Amino acid sequence: MRHLNLDQLRTLIAIADLGSFSAAAQALHLAQPTVSLHVSELESRLDAKLVVRGARGITPTAAGAALVERGRKLLRDTDDALDAVKRQAEGRSGRVRLGTSTGVVVDLLPQVLEALGAQDAGIDVEVAILGSGEALARLAAGTLDIGLVALPQPPLRDLVFTPWRTQPMMAFVPQRTKAPRRVTPAWLAEQPLIFNDATTHMYRLTMEWFAAAGFAPRARIELNYDAAIRSLVAAGYGAALLPLQPTTDAALGERLQVLPIVPKLTRRLGIAHRPRALLDGATLRVLEVLAGFRQT
């Protein structure tokens, strides 16, 4: 098979552009015998005469001109490919698959993606709405790069967990409901309730809070979308136990009450990923940006 040597092709193009072996050698920082060798090896490999000497110096033959024309595009494509690989390795471009819950997508992720876009516009983050369990399963299977998950999680082989943020859990109560200044499990258990569904870490966290006080309430409705739960509370449909999100909760402030709970309850979020040695540059760059939003 007649493989092309890109260095030899670059030499031929330089000769065509500059009109002499010596000028090509100077431009490419090569010895003139090396330039002559490149051309002779190309001609031998292709079994075609590529250049001829004329009154005006070295000029390509018809075959040489055809190779020069196509060679320019080939070298441009090669340079583009090498640049793309370099950008990927340096974390300046690439696609990163990130999984997280609806609450994080609405309340935190936009800020993260805005910061990333301002610094690394070449990185495309593909976001999947996933519960913590499914995110961890996809990380283990290699179909996800980063998971923003609830903590704690049991140790999993080949997965790294880093604490990221903590959020105080609060009681969300319709504005018209007469409520105590601090909400207890006993009081909240008497209200119509809206929970995350039973497969979620949020549900387990909520039920453990009630169970510690001796209660096991049933929800009026279960959803997996925190923003929808807040809207239903604001509409008077029921009460909920959710993490505090100052930005989004302020918009519904006149239609619901956000009250502290006793005993206190905290939701902890973490970043999950495979060992850093297995990650590409783009994924490492997204992890760096996420680290900038970590609470200390």
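Two strands count as paired if DSSP finds at least two bridges between them. Keep that in mind as you work through this predicted model.

**Exercise 1. Is β5 buried or exposed?**

Solution. 
- Check each residue against the cut-off: buried means under 20% relative accessible area.
- Six of the six residues of β5 pass, so the strand is largely enclosed by the rest of the structure.
- Then look around Leu148, skipping its neighbours within four places in sequence: its contacts include Leu98, Val104, Leu109, Trp164, Ile271 and Leu290.

**Exercise 2. Find the residues that touch the most other members of the largest nonpolar core, and the elements that build this core.**

Solution. 
- The core has 20 residues, and the ones touching the most other members are Leu98, Ile146, Leu148, Trp164, Val286 and Leu290.
- Elements giving two or more residues are β3 (94-100), α6 (109-119), β4 (123-129), β5 (146-151), β11 (266-273) and α12 (281-291).
- Of these, α12 gives the most, with five residues.
- Apart from this core lies another, of 19 residues, with Met202, Tyr203, Phe210 and Leu265 among them.
- As background, nonpolar side chains tend to be buried together in soluble globular proteins.

**Exercise 3. Describe how α6 and α12 cross.**

Solution. 
- Their axes come within 10 Å and cross at roughly 125°.
- That angle makes α6 oblique to α12.
- As for handedness, α6 passes α12 in a right-handed crossing.
- To see who meets whom, pick out Val112, Ala115, Leu116 and Gln119 in α6; they meet Arg285, Val286, Val289 and Leu290 in α12.

**Exercise 4. Which way do the residues of β9 point, and how is β9 joined to β6?**

Solution. 
- In a regular strand, side chains alternate between the two faces of the sheet.
- Now try β9 (residues 240-243): Ala240 and Leu242 point one way, while Leu241 and Pro243 point the other.
- All of these are buried.
- Next, count the bridges: four join β9 to β6 (residues 160-174), and the two strands run antiparallel.

Methods
Residues are numbered from 1 along each chain as its sequence is written. This is a predicted model: local features need pLDDT of at least 70, side-chain atom pairs count only at pLDDT 80 or more; totals for chains, interfaces and linings use all residues. Side-chain values use heavy atoms; hydrogens and water are left out. A nonpolar core is a set of buried Ala, Val, Leu, Ile, Met, Phe, Trp, Tyr and Cys residues joined through side-chain atoms within 4.5 Å. Buried means under 20% relative accessible area, exposed over 50%, partly exposed in between (1.4 Å probe, protein chains only). Contact means heavy atoms within 4.5 Å. Axes are lines fitted to C-alpha atoms, for helices over the stretch in contact, and angles run from 0 to 180 degrees between N-to-C directions. Angles under 35 degrees count as roughly parallel, over 145 as roughly antiparallel, 65 to 115 as roughly perpendicular and the rest as oblique. A crossing is left-handed if the near helix is turned anticlockwise from the far one by less than a right angle, and right-handed if clockwise.
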